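I opened the model today to look up a few strands and helices, and I am keeping these entries for my own reference.

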Amino acid sequence: MKKYMDKVNTLLESLPYIREFYGKTMVIKYGGHAMVDDALQMSFARDMVLLKLTGMNPVIVHGGGPQINDLLKQIGKKSDFVDGMRVTDRDTMNVVEMVLSGSINSTIVNNINQMGGKAVGLSGKDGRLITAQKLYHTVPSGEKVDIGQVGSVKRINPAVLETLDRDRFIPVIAPIGVDEEGATYNINADLAAGKIAEALKAEKLILLTDVEGVIIGEKLASTLKTRQVTGHIDKGAITGGMIPKVNCCVDAVAAGVGKAHIIDGRVEHAVLLEIFTQAGIGTEIVG
């Protein structure tokens, strides 16, 4: 009987969070190890179904860098990067679109549907969900360098996502955008997720990563205020690939998103642990 009571108590502990977040939108950037480990893939799918069935509205934006690298390598195409951004010529863009909108997106959708959910796969090109603009890399001298079909988000059209939400579907979005002239662009998944969260006025933006969270002085920072982030960057406490992630979170919170979270996607049920427990497991960024 005790083990059953433990289960009941666990459910009751989650009740305040279910009440607080009922009807709220959670934009989740899905990537890293959580996407390539079979057990974590199914765990993530199950968690998304649970969020939907408890009245929340998960919106998934996924990456796919390792899978793109693998396919480019198979076809003998060299991958070049500038400050972490993939130089994307036309052939590379074709591979990016095929991997993101094709194999990865359909796998995530299928996993969620297998777990009893109703997922729909989208590209940012569908319904002009993501209007993109060409992104240039700026070198220290101020010169702008053309890195191909790499884009930033100019505008989000949330209408298609709002329609899917009304019909209780879970959107799964590949971060590919199109400009006014119809040109296709590869967009960083963190950036796309942040802008979608802003447009939907989401309660939470959650970035799944392959690290514990934001580490300050060898310790996990469980909470950071937006004004603290710039200071930590200036002091060199936040460096490398974490800088664009925290900046994405700061921008989202400044634009009206309730909270942003950077959490370890290598931990099973990471999203549920962050939403349904007081302590959480990663770093939350608040206004």
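How many bridges join strand β9 to β10, and do they run parallel or antiparallel? I found that three bridges join β9 (residues 176-178) to β10, and that the two run antiparallel; strands here are DSSP E runs of at least two residues, helices are H or I runs of at least four, and both are numbered from the N terminus. I note that this is a predicted model, in which local features need pLDDT of at least 70, side-chain atom pairs count only at pLDDT 80 or more, and totals for chains, interfaces and linings use all residues. Residues are numbered from 1 along each chain as its sequence is written, and side-chain values use heavy atoms, with hydrogens and water left out.

**Entry on β10.** I looked up Gly177 and saw that its bridge partner in β10 is Tyr185. The hairpin of β9 and β10 has five residues between the strands, and there Gly182 takes a positive phi near 95°. I also found β10 paired with β7 (residues 144-156) in the parallel sense over two bridges, where pairing requires at least two DSSP bridges, and Gly151 has Ile187 of β10 as its bridge partner.

**Entry on α2 and α4.** I saw that the axes of α2 (residues 38-53) and α4 (residues 90-114) come within 8 Å and cross at roughly 60°, the axes being lines fitted to C-alpha atoms over the stretch in contact, with angles from 0 to 180 degrees between N-to-C directions. In the contact (heavy atoms within 4.5 Å) I listed Gln41, Met42, Ala45, Met48 and Val49 of α2, and Thr107, Asn111, Ile112 and Gln114 of α4.
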